[in-house]
Amino acid sequence: MEAAERPGLAEDPRPVIIGRDPRQAPRAIVTTANDAARALGIHSGLSAAIALKRAPNALFLPPRRDVYERYSARVMAVLREASPLVEQNSIDEAACAWSHGFESGAALALRARILAETKISVSLGIATSALVAKMASEAAKSRTDHVVVVQPGEEAAFLAPLPVRALVGIGPKAERRVVALGITTIGDLAARPLEELVAQFGRAYGRYLHEASRGIAETELHAERTSKSISAEHTFSTDTTDRHVLWAELHDQAEEVAGRLKQEGLLAGHVAIKLRYANWQTFTRQVRLPQPTDDAETLSRGAAMLMRRNWDRTRAIRLIGLRAGKLVEADHVRQLVLPFE
DNA sequence: TCTGGGGTCCTAGGACCC
DNA sequence: TCTGGGGTCCTAGGACCC
């Protein structure tokens, strides 16, 4: 997206890193990086300080979420024109109902249209389920045409050669456990009996691995889901025990979360704090609110109470966060509450 | 100079009830 | 006087995703 915004950036030979400059923000991380930076072992999630060591001449560009959201909205608008049902999963990903069959022509045309109208280059995967289509779109990223179609019935065969880490839901921890069982590809995983996977990984996850690895996934798309939680958090550039700093941060976070609750027409039944100490030990504590609320002061007071009860004041804090949970729709609650007022 | 921020889902353990 | 079993709700922690 930065390349769409900044003429010449795509041709810049330097390593380009989307992420705050660690000389200004010592705890920044890399959001994404161009090919020149990746060639030096720089990838998203890496500490920006380490990235700077690996590429002292790198160009750091701070992430501009507002800009990306504008581009995202434009791309999603094109998708909504092209499909009757669009399930937006993140700022840069959506699953769409697709009525143009399992050949690549219409997908190539859609990609060309998105590029022409928004300057954004997208990758598309076509398959019988959102899960397989998502993995197909990942595979499409390394193709020149940026489109991969998985024919109905070919899901398992498409997945089989991929490394287990490519399966959605297998992260670094699960990868290690799975590989320790001698399973390295999704095909290996698909060959294991359900009972073994359930015994190893628990009921829900074992069943998921068994089905997903065979390309069995839900085929329905879901329209807009309402938020289940809204949160804000902040990592300090140096750890702090200063209660004025901490309370001020919580207060700001309460304002921000309350604003977003109001925007979405939701009320919070719970407020929670999150603390991370210098050694990365992380705590969350939540409390039920007397009544569902979108009031910043109420959230802030609840969070401050949780802090007083749970923060070990001898320990400096690296991260503090506030989360509103147990969300309910404000309209619904008003209907219930008004008759008693 | 190691590790952001905003989310979802699952699990385990305890409280509580019958 | 030693201790069942099932169901539900709640809390906290952790894995994962982008």
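Strand 9 and strand 10 make a hairpin, with four residues between them. In that turn, Trp280 has a positive phi of about 80 degrees. Helices (H or I, at least four residues) and strands (E, at least two) are DSSP runs, numbered from the N terminus. The model is predicted, so local features need pLDDT of at least 70, side-chain atom pairs count only at pLDDT 80 or more, and totals for chains, interfaces and linings use all residues. Residues are numbered from 1 along each chain as its sequence is written, chains are lettered from A and ligands numbered from 1 in the order in which they are written, and side-chain values use heavy atoms, with hydrogens and water left out.

Strand 10 covers residues 282–293 and runs antiparallel to strand 9, with eight bridges joining them; two strands count as paired if DSSP finds at least two bridges between them. Ile273 stands opposite Arg285 in strand 10. Strand 9 also pairs with strand 11, again in the antiparallel sense, over eleven bridges. There, Leu275 stands opposite Ile320 in strand 11.

How many residues of strand 9 are buried? Eleven of the twelve, residues 266–277 being the strand, so strand 9 is largely enclosed by the rest of the structure. Buried means under 20% relative accessible area, exposed over 50%, and partly exposed in between, using a 1.4 Å probe and protein chains only.

Strand 11, residues 317–329, takes us to the DNA, where this strand supplies at least two residues of the surface near DNA strand B. Near means that one of a residue's heavy atoms lies within 4 Å. Helix 3, helix 11 and strand 8 each supply at least two residues as well. Strand 8 gives the most, with six residues.

Of the 21 residues around DNA strand B, Ser231, Glu233, Thr235, Arg260 and Arg318 come nearest.

Which protein backbone atoms lie by phosphate oxygens of DNA strand B? A polar backbone atom of Glu233 is 2.4 Å from one. For Ser231, a backbone N or O atom lies 2.6 Å from a phosphate oxygen. For Pro26, the distance from a polar backbone atom is 3.2 Å.

Last, a residue in helix 4: Ser72. At 4% relative accessibility, Ser72 counts as buried. Leaving aside neighbours within four places in sequence, Ser72 is in contact (heavy atoms within 4.5 Å) with Gln88 and Ile91.

Conventions: A polar contact is a pair of N or O atoms within 3.5 Å; within protein, one must be able to donate a hydrogen and the other to accept it, and residues adjacent in sequence count only if both atoms are side-chain atoms.
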